[in-house]
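Colleague: I am new to this structure. Can you show me how to read some of its features?

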Amino acid sequence: MNPLSLIDKYFSSSLEAKKYLLIHSYKVAEKALEIALNCNFIKIDKEFLAESALLHDIGIIGVNAPSIGCNGSEPYIKHGMIGFEILLAEGFPMHARVCKTHIGVGLSEAEIISKNLPIPHENMLPESIEEKIVCFADKFYSKSEKYLLNPKPIELICDEMKKYGEANYTRFEELRSLFNI
């Protein structure tokens, strides 16, 4: 089974959510592949990178975000875990892990506990180069109209990362340095 067919399977009854998912995910995939092209110092599975960038937000189908057509019951912060569970159940554990680790710039167990986030108390930090690239590329686009098609300025992203704590900002800057951006 092609993992991308899962988008049609899970978003068949929510065309508005599918629209936001596809536009956002294609922009993230485009950015991820651009980053990968500049990372000639390490081997990157570009096919997996593109697939996982396209699937990283599949979990939004289960969240309550009416502004993007998502009428689930869970808070938005859970979309990574929902996506993880969907892709794991569908037999795509590596893609599932990208869903799980892309929230913020990854989340440590200590951050999850200290912020009392409604997600499992475990380390959700990106490890593979593909996980790191998707996590980083995701920060350039949102599902809001202003940054759906156009990338956020790096200064704005930095300000957003600082709002979520020093550890989050430090991880972002480490990835920024790794990718020479």
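Colleague: How far is the sulfur of Cys39 from the closest cysteine sulfur?

Modeller: First, the general idea. A disulfide is a covalent bond between the sulfur atoms of two cysteines. Now the case in this predicted model. The sulfur of Cys39 lies 14 Å from the closest cysteine sulfur, that of Cys135. The cut-off for a disulfide is within 2.5 Å, so Cys39 is too far away for a bond.

Colleague: Which cysteine sulfur is closest to that of Cys158?

Modeller: The one in Cys135. The distance is 14 Å, which is too far for a bond. By this rule, the count is 0 disulfides.

Colleague: Is Cys39 buried or exposed?

Modeller: Buried means under 20% relative accessible area. Cys39 has 2%, so Cys39 is buried. Cys158 has 7% relative accessibility and therefore counts as buried.

Colleague: Now the helices. At what angle do H2 and H3 pack?

Modeller: Two packed helices are described by the angle between their axes and the distance between the axes. Here, H2 covers residues 15–37 and H3 covers residues 46–55. Their angle is about 150°, and their axes are 8 Å apart. Angles over 145 degrees count as roughly antiparallel, so H2 and H3 are roughly antiparallel to each other. Their crossing is right-handed.

Colleague: Which residues in H2 meet which in H3?

Modeller: From H2, the residues include Ser25, Tyr26, Val28 and Leu33. From H3, they include Lys46, Leu49, Ala50 and Leu54. By class, this contact of H2 with H3 has 11 nonpolar, 1 polar and 1 charged residues.

Definitions and conventions
Residues are numbered from 1 along each chain as its sequence is written. This is a predicted model: local features need pLDDT of at least 70, side-chain atom pairs count only at pLDDT 80 or more; totals for chains, interfaces and linings use all residues. Side-chain values use heavy atoms; hydrogens and water are left out. Axes are lines fitted to C-alpha atoms, for helices over the stretch in contact, and angles run from 0 to 180 degrees between N-to-C directions. Helices (H or I, at least four residues) and strands (E, at least two) are DSSP runs, numbered from the N terminus. Angles under 35 degrees count as roughly parallel, over 145 as roughly antiparallel, 65 to 115 as roughly perpendicular and the rest as oblique. A crossing is left-handed if the near helix is turned anticlockwise from the far one by less than a right angle, and right-handed if clockwise. Contact means heavy atoms within 4.5 Å. Ala, Val, Leu, Ile, Met, Phe, Trp, Tyr, Cys and Pro count as nonpolar, Asp, Glu, Lys and Arg as charged, and the others, Gly among them, as polar. Buried means under 20% relative accessible area, exposed over 50%, partly exposed in between (1.4 Å probe, protein chains only).
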